[in-house]
Amino acid sequence: MAESTGVTVAAPQDELAARRSRRAPRWLSIAAAVAGVAVIGGGSYAYGLNNAPETVASAPAITLGQAPGPEVARDEAATSMAAGSPDAAKLMYPWYGGRTVFTADGLSTEGGSGGAWGFDAAGTYSQATVVEAAAALGVAGEPRLEYGTWTVGPNDGSGPSVSLSPDGLASLSYYDPTRDPWNCAVSAPDSGGSVEGGAADGGVALPEPAIDGGQSKCPTPVNAPTGDAAVQQAKDVLASLGIDTAGFEFAVSTEPSSPQVTYVTASQSLDGQLTGVTASVTVVADGVQSVYAPLAPMVALGTYDVVSPTEAVERLGDPRFGVTGGGVMPLAAEGMRVADDSVVSPEMTEPTVPATPEAGSPLAWPVQEVTLVSARLGVALTTLPTGASVLVPTYELADADGVTWSVIAVVDDQLDFSAAG
């Protein structure tokens, strides 16, 4: 149910200054849900890097979270093998019957320290913020609280709208259906027909389908800007929302079949590492068509003591930190491994029915032994039980083949292991 505020779009007051100067808490409330997980395929966590420009210099993001279920992992493995990936034989997936033993080889036994950061979503999520964003994006209308989000603009797809969500990053979403190249409609001329108060009052003109003999008239596609031009448009719109674009690295992607759309991904970089915080901007020929952007500014939480890389490896065998879902094992099922240049189709292979176990035979209890030989200390984006987003010191651990696992690096006495209530 929408809650009307009775106010119009106006520049908001700065509500963040007081909160930005508050003292950060010393204790991180990290629940078991942020335990380390195996990353499917070495490097697959690097969001957006497939289309990243050569200027991207930051190390990939480190990921903490729940391990994917067996069905998801099998699908990913099958997709990789079908594509003839040279790493297909190395893919690993969680298996509820498997166990993994991790050992360290050549890793340091010295601890250290690392910084942590939070995001001031509480000081950002407000009517004033969505009003300011709407003004920057050219969205007219009365701000309203609707289904837990602050929204400006129509919700029926008749014109551009912007909404602000109460999540840990104060995420903003903007969408302009009148710039959608696949929307076969044209804006009505300025004839007085409008929504949200009328065109004369800054409202958005209603789109009217252009129909001729039962056929819709889509305008001739015009290619969207690409490369530096697209990045500049993305930077301009993000800067108008108060985001410091100097802290982000930009990647551009296009689809050959859809040159009328360019996708720009902005990945936050901190101390030479991508954090996992991203924004995205869709650019078309006549401007920006959609935006997703986290608006909450970072706040420093101070420095935390971290365990040594060797202790981090030991944590992977600790139920409080270990791999979710009961361990990992290689894809070694009969008939699953294929040559690197092969393409597998479901119709090409006969399904194998599991053999009936024999009475008295040993019961399989697979144990995989993994030796980890390198460690990278960085930060990972995770969510506290309160819903707050934080960047916490985290180790990325890798074996000799480059397959990675991650685990939180903060020492035990600076973690709160209390069950979330």
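Analyst: This is a predicted model. One term before we start: helices are DSSP runs of H or I with at least four residues, and strands are runs of E with at least two, numbered from the N terminus. Just after one of those helices, α3, glycine 138 has a positive phi of about 75 degrees.

User: Which residues of α3 are buried?

Analyst: Ala128, Thr129, Val130, Val131, Ala133, Ala134 and Leu137, in a helix that covers residues 127-137.

User: OK, salt bridges. How many are there?

Analyst: The count comes to seven. One of them joins aspartate 412 to arginine 315, with the closest N and O atoms 2.7 Å apart. That pair links distant parts of the chain: arginine 315 belongs to helix α5 (residues 309-315) and aspartate 412 to the segment after β22 (404-408), 97 residues apart.

User: Arg315, buried or exposed?

Analyst: Arginine 315 is buried, at 6% relative accessible area.

User: Which other arginine does Asp412 meet in a salt bridge?

Analyst: Arginine 320, at 3.1 Å from N to O. This pair also spans distant parts of the chain: arginine 320 is in the loop between α5 and β19 (328-330), and aspartate 412 in the segment after β22, 92 residues apart. Arginine 320 is partly exposed, with 35% relative accessibility.

User: Which residues end up in one network?

Analyst: Arg315, Asp318, Arg320 and Asp412, joined by salt bridges that share partners.

User: What about arginine 144, which residue does its side chain meet?

Analyst: Glutamate 146, in a salt bridge of 3.5 Å from N to O. Arginine 144 and glutamate 146 are both buried.

User: On to aromatic pairs, then. How many?

Analyst: Two. In one, the rings of phenylalanine 102 and tryptophan 405 have centres 5.4 Å apart and planes at 75 degrees, so they are edge-to-face. Phenylalanine 102 lies in strand β4 (residues 99-104) and tryptophan 405 in strand β22, 303 residues apart, so this pair too links distant parts of the chain. Both phenylalanine 102 and tryptophan 405 are buried. The other pair is phenylalanine 321 with phenylalanine 417, again edge-to-face, at 5.9 Å centre to centre and 80 degrees between the planes.

User: Where do Phe321 and Phe417 lie in the chain?

Analyst: Phenylalanine 321 is in the loop between α5 and β19, and phenylalanine 417 is in the segment after β22, 96 residues apart. Phenylalanine 321 is buried at 2% relative accessibility, whereas phenylalanine 417 is partly exposed at 38%.

User: Next, the largest nonpolar core. Which residues touch the most other members?

Analyst: Val162, Leu172, Leu238, Val281 and Val291, out of 40 residues. Valine 281, leaving aside residues up to four places away in sequence, touches Ala234, Val237, Leu238, Thr262, Tyr263, Val264, Val288, Ser290 and Val291. Another core, of 30 residues, lies apart from the largest one, and Val306, Phe321, Trp405 and Ile408 are among its members.

User: How does strand β5 pair with β18?

Analyst: They run antiparallel, with eight bridges between β5 (residues 112-119) and β18 (residues 298-306). Glycine 114 has tyrosine 304 of β18 as its bridge partner. β5 is also paired with strand β21 (residues 389-399), in the antiparallel sense over two bridges. There, glycine 118 stands opposite valine 390 of β21.

User: Last one: where is aspartate 286?

Analyst: In the loop between β16 (273-284) and β17 (287-294). Aspartate 286 is exposed, with a relative accessible area of 51%. Its C-alpha is 9.2 Å from that of proline 225, a residue 61 places away along the chain.

Methods: Residues numbered from 1 in each chain as written. Predicted model: local features only at pLDDT ≥ 70, side-chain atom pairs only at ≥ 80, totals over all residues. Heavy atoms only, no water. Salt bridge = Lys/Arg side-chain N within 4 Å of Asp/Glu carboxyl O. Buried < 20%, exposed > 50% of the residue type's maximum accessible area, 1.4 Å probe, protein only. Phe/Tyr/Trp six-rings, centres within 6.5 Å; stacked < 30°, edge-to-face > 60°. Core = buried A, V, L, I, M, F, W, Y, C linked by side-chain atoms within 4.5 Å. Contact = heavy atoms within 4.5 Å. Pairing = 2+ DSSP bridges.
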